[in-house]
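Dear colleague,

Please find the structure below, for your records and review. A short account of the findings follows it.

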Amino acid sequence: RKQMLEAFVTNLGHYNEGYLDGEYLKLPATTEDVQALLKRIHVDGVRYEEIFITDYETDVSGLHDCLGEYESIEELNYLASLLDDMDKSELIKFEAALAFGEYTGSVKNLINLAQNLDCYEYYPDIHNEDDLGRFYIEEMCTLEVPEHLQNYIDYEAYGRDMSLDDNGQFVDGGYIVENGDSFVELYNGRDDLPEEHKIFAYPEPEKSIRDTLRQYQQMIDAAPTAARSRPAQAHEER
């Protein structure tokens with residue numbers, strides 16, 4: 001199966017210093033995947049902490065343009081997981097819903113859209129008002145037309161009226177319309193993020209760095225004792 005979503009994660013500090021230090025992260029990912037990538041792009045959580053996303057790769061039509069530079073890796077991971085769980089027909093409907101354009105302004109909206117596809121009807125291979133008019137009359141039986149009058153029907157005009165009534169849209173590949181079901185926002189922000197998608201973590205410090213930090217701490221802890229002993233020595237010398 002093709003990869004649904006990849007994000008090119010970039011070291012912001014290095015970018016501001018004038019060079020690109022980044023790599024694609026395949027989503028959904030694990031904490032270990034994130035830590036390994038951050039290590040390779042020298043984001044250590046100490047000297048370099050900040051990242052941003054310079055590009056996306058996705059096979060989901062229309063998704064690339066909905067994503068920004070400073071998205072949460074964890075929210076993207078959740079979205080990628082939802083996309084990964086979709087079958088082909090659900091993915092096609094999701095792409096149509098992206099083109100419909102109502103819930104595409106943030107990753108939060110996209111997560112909710114992925115969980116509310118039942119609110120839409122998608123009819124493939126209906127490309128224009130004439131197709132729509134014929135579909136509604138012949139397939140949906142919205143209008144009874146005697147056989148001897150079928151050649152006199154203005155299917156295009158009927159399709160145009162139905163499209164306006166539906167508030168539907170022709171998108172690449174078909175026609176999409178809301179069916180009246182309630183759109184329920186199941187995801188309201190980071191507090192609703194499932195535990196398995198809380199994957200962002202800086203790399204573990206190298207052993208040598210840990211040892212150095214420990215030595216610094218020991219020096220700091222010892223400093224007040226040394227400082228207290230100095231005046232006494234100076235007094236004895238006098």
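Predicted model: local features only at pLDDT ≥ 70, side-chain atom pairs only at ≥ 80, totals over all residues.

Residues are numbered from 1 along each chain as its sequence is written, and side-chain values use heavy atoms, with hydrogens and water left out.

(A pocket is an open set of points on a 1 Å grid over the protein atoms alone, where a 1.4 Å probe fits, with protein on both sides within 12 Å along at least five of seven lines; lining residues have an atom within 4 Å of a point.) Among the lining residues are Ser 61, Glu 95, Tyr 122 and Asp 172. Helix 4 (residues 88–100) contributes the most to this lining, with five residues; helices are DSSP runs of H or I, at least four residues long, numbered from the N terminus.

As for the cysteines, Cys 66 counts as buried because its relative accessibility is 16%, and Cys 119, at 6%, is buried as well; buried means under 20% relative accessible area with a 1.4 Å probe, protein chains only. The count of disulfides (pairs of cysteine sulfur atoms within 2.5 Å) is zero.

Finally, Leu 63 is in contact (heavy atoms within 4.5 Å) with Leu 5, Thr 58, Leu 79, Leu 83, Leu 98 and Leu 110, leaving aside neighbours within four places in sequence.

With kind regards

Terms used
Buried < 20%, exposed > 50% of the residue type's maximum accessible area, 1.4 Å probe, protein only. Helix = DSSP H or I, 4+ residues; strand = E, 2+ residues; numbered from the N terminus.
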